[in-house]
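Welcome! Please take a moment to look over the sequence and the 3D view before reading on.

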Amino acid sequence: MHFLHKEFDLSAGDVVEVTLDHPANVQLLDPSNYQAYRTGRQYRYYGGHATVSPFRLEAPNAGHWHLVIDLGGNAGTVSASVSVLSSASA
C-alpha cells in the first residue's frame with residue numbers, strides 16, 4: 001500500500017488545506033482509525049475523493065490527526081502540499 005502521510009495536532013475548526021497535482025483520496029483519521037487503515041480493517045474518516053485542488057478538511061474536534069493521501073489502489077503517484085489554517089486566526 002502506497003500513500004502519503006502527515007500528522008497534526010489540531011484544534012477544533014482548524015482547516016487542513018491540501019493542494020494536489022491530480023485527483024486522489026484525501027482522508028483525515030484519528031489514531032485508532034489510522035491504525036485500522038494501516039492494517040486493512042474497516043475505518044472511518046473525514047474527507048473523500050478530491051477532484052478539485054486545493055481541497056479543504058475541517059478538524060471536527062481537537063486532537064492528534066493523521067492525513068492520508070492515496071490513489072485507492074490505482075497505479076501512479078500523487079504529489080501534494082499541505083498547510084494548516086488555524087481556526088484561532090479566523
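Below is a short tour of the sheet, the core and the aromatic rings.

This is a predicted model, in which local features need pLDDT of at least 70 and side-chain atom pairs count only at pLDDT 80 or more, while totals for chains, interfaces and linings use all residues. Residues are numbered from 1 along each chain as its sequence is written, and side-chain values use heavy atoms, with hydrogens and water left out.

**The sheet**

Let us begin with the strands. Helices (H or I, at least four residues) and strands (E, at least two) are DSSP runs, numbered from the N terminus. An open sheet is built from four strands in the order S1-S6-S3-S4, with antiparallel pairing; two strands pair if DSSP finds at least two bridges between them. S1 and S4 are the edge strands, each pairing on one side only. Direction ignored, neighbouring strands of this sheet are turned by 15° against each other on average. Angles here run from 0 to 180 degrees between N-to-C directions, and axes are lines fitted to C-alpha atoms, for helices over the stretch in contact.

Seven bridges join S1 and S6 in the antiparallel sense, and His 5 stands opposite Val 68 in S6. Helix H1 (residues 31-38) packs on the sheet, where it touches S1, S3 and S6, and its direction makes about 30° with that of S6. Contact means heavy atoms within 4.5 Å.

S3 pairs with S6 over five antiparallel bridges, and Leu 28 has Leu 67 in S6 as its bridge partner. S3 is also joined to S4 by five bridges, again antiparallel, with Val 26 opposite Gly 48 in S4.

How many of the residues of S3 are buried? Six of its six residues are, where buried means under 20% relative accessible area, exposed over 50% and partly exposed in between (1.4 Å probe, protein chains only). In a regular strand, side chains alternate between the two faces of the sheet. Both faces of S3 are covered: Ala 24, Val 26 and Leu 28 are buried on one side, and Asn 25, Gln 27 and Leu 29 on the other.

**The core**

A nonpolar core is a set of buried Ala, Val, Leu, Ile, Met, Phe, Trp, Tyr and Cys residues joined through side-chain atoms within 4.5 Å. The largest one has 17 residues, and Val 18, Leu 20, Val 26, Leu 67 and Ile 69 touch the most other members. At least two residues of this core come from each of strands S1 (4-10), S2 (15-20), S3 (24-29), S5 (55-58) and S6 (63-70). Beyond its neighbours within four places in sequence, Val 26 has contacts that include Val 18, Tyr 46, Phe 55 and Leu 67.

**The aromatic rings**

Rings of Phe, Tyr and Trp (its six-membered ring) pair if their centres lie within 6.5 Å; planes under 30 degrees apart count as stacked, over 60 as edge-to-face and the rest as tilted. The whole structure holds four aromatic pairs. Two of them are shown here:

| Pair | Centre distance | Plane angle | Type |
|---|---|---|---|
| Tyr 37 and Tyr 43 | 5.2 Å | 90° | edge-to-face |
| Tyr 46 and Trp 65 | 5.9 Å | 75° | edge-to-face |

The pair of Tyr 46 in strand S4 (residues 46-50) and Trp 65 in strand S6 links distant parts of the chain, 19 residues apart. Tyr 46 is partly exposed at 42% relative accessible area, whereas Trp 65 is buried at 4%. Tyr 37 is buried, with a relative accessible area of 4%, and Tyr 43 counts as partly exposed at 25%. Phe 3, Tyr 37, Tyr 43 and Tyr 45 form one aromatic cluster.
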